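Hi there,

Here is the structure I promised to pass on. Please have a look at it, and below you will find my notes.

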Amino acid sequence: VPPPAKEGLFEVSTALGPAILRLDGLVDTACRCQVPADEALGRDAVLVLSLPSDWLDGSLLRAAWSSRSVELLGDGAEEGGERWAAWLSQWGEVIRLELSAHAGEREADGFCLLAATFADPAARDGCETALGGGRLLVLEGPQRAADPHAKCLLRSQFDEQVDHAWKEHLVFEQEISRIDGGIVLDDAAEALPSGPNMCFRPLCELFERWLRVGTLHATSTVCAQKRLHEADASASSRSLEAFRRSAWHAAFRVCMQVEPTDDNAHTLCLALTEHWRKANGICVDADTEDLLELAEVLKEVWKQSKSAQDALRRSAEEEAASAEKALLEELEEEEGRAARDKERKKKLKQKERQRKSDRG
């Protein structure tokens with residue numbers, strides 16, 4: 001039985017000492033009084049509550065963030081909403097419970113919107129009376145309080161609010177993804193390993209295609225690389241941009257450690273994408289077709305690299321042969337010049353002996 005509601009002066013303890021409060025117009029919301037149903041709203045009207053996001057399970061928030069709204073009751077509903085349905089059922093049967101992470105007026109402050117549809121409109125209005133009017137809702141363990149801003153809306157109003165918020169979120173998300181996509185492409189291009197036998201252009205072009213179709217998640221990659229940078233104590237002296245590019249550089253170079261073949265292609269590519277995610281913060285959501293495409297690209301990278309190495313070897317061999325030929329020609333020329341000098345000296349000596357013989 002709840003204590004009786006009283007008005008008047010009350011002394012309460014605070015961190016600064018005792019304080020006197022005057023309570024006027026007190027209403028006992030614990031009383032399960034019958035509230036006339038607002039027939040103008042209709043039986044399918046919803047009661048919406050604005051709740052702090054940290055009051056809800058992380059799985060619910062993730063599901064709500066990536067969709068227009070999520071159902072918390074019925075077949076196919078997200079797990080974790082049954083506790084809120086059970087709590088709201090103290091006012092009456094709840095036949096539908098929805099969660100939207102974007103439709104709340106206080107989304108920027110970390111609040112989400114919980115919408116309940118009651119079987120009995122009187123139960124809905126009773127819940128609004130108990131939770132509305134600036135009253136605080138307290139969550140135990142640890143104890144936290146928030147004003148749920150409880151109010152009733154027409155179903156059409158609620159759906160319109162949710163649709164509008166979801167469209168705005170998609171536009172915002174697309175813009176963020178476009179910006180992060182540019183960052184990812186710039187980082188990858190700047191991080192390409194140099195050298196005539198480093199032929200990673202096909203792989204860079206694959207990343208660009210994956211960005212367009214959503215296989216490579218730009219925003220997730222930027223955020224993951226930021227977390228790796230913050231967690232790496234040895235990287236504190238480097239800027240975030242330099243760290244991101246070094247991560248991409250390492251991601252390219254690791255591709256040349258194992259040559260892809262028909263036998264190991266799928267396993268290698270699966271292990272490679274997992275390594276990229278853990279070690280380099282590159283978030284790739286690849287299906288079987290994407291892994292096959294990656295395998296073909298890696299084969300092309302290795303093929304071009306081998307061709308470049310063969311070209312370098314042939315060029316070196318040709319240069320060596322040319323240098324050897326030039327050296328032999330120079331030696332032959334030197335030998336010829338020495339032979340001519342020797343012949344000339346021999347003729348001079350013969351002439352000198354001939355002159356002496358003629359004088360004698």
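Helix 2 (residues 82-88) of this predicted model holds both Trp84 and Trp87, three residues apart, or about one turn of the helix. Residues three or four places apart point the same way, because an α-helix has 3.6 residues a turn. In all, the structure has eight aromatic pairs. In one of them, the ring centres of Trp84 and Trp87 are 6.2 Å apart and the planes meet at 85°, so this pair is edge-to-face. Trp84 is buried at 11% relative accessibility, while Trp87 is partly exposed at 29%. Trp87 also pairs with Trp91: their ring centres are 5.3 Å apart with the planes at 80°, so that pair is edge-to-face too. Trp91 counts as buried, at 15% relative accessibility.

Elsewhere, ring pairs join Phe200, Phe207, Trp210, Trp248, Phe252 and Trp276 into a cluster. There is also a charge over a ring: Arg106 lies over the face of Phe111, 3.8 Å from the ring centre.

Next, helix 4 (residues 155-190).

Helix 4 and helix 6 (218-231) each give at least two residues to its lining. Of the 16 lining residues, Glu173, Ser177, His217, Thr219 and Ser220 lie nearest the centre. The lining is made up of eight nonpolar, six polar and two charged residues.

Best wishes

Technical notes
Residues are numbered from 1 along each chain as its sequence is written. This is a predicted model: local features need pLDDT of at least 70, side-chain atom pairs count only at pLDDT 80 or more; totals for chains, interfaces and linings use all residues. Side-chain values use heavy atoms; hydrogens and water are left out. On a 1 Å grid over the protein atoms alone, a cavity is a set of points where a 1.4 Å probe fits but cannot get out, and a pocket is an open set with protein on both sides within 12 Å along at least five of seven lines; lining residues have an atom within 4 Å of a point. Helices (H or I, at least four residues) and strands (E, at least two) are DSSP runs, numbered from the N terminus. Ala, Val, Leu, Ile, Met, Phe, Trp, Tyr, Cys and Pro count as nonpolar, Asp, Glu, Lys and Arg as charged, and the others, Gly among them, as polar. Rings of Phe, Tyr and Trp (its six-membered ring) pair if their centres lie within 6.5 Å; planes under 30 degrees apart count as stacked, over 60 as edge-to-face and the rest as tilted. Buried means under 20% relative accessible area, exposed over 50%, partly exposed in between (1.4 Å probe, protein chains only). A charge sits over a ring if NZ of Lys or CZ of Arg is within 6 Å of the ring centre and within 35 degrees of the ring normal.
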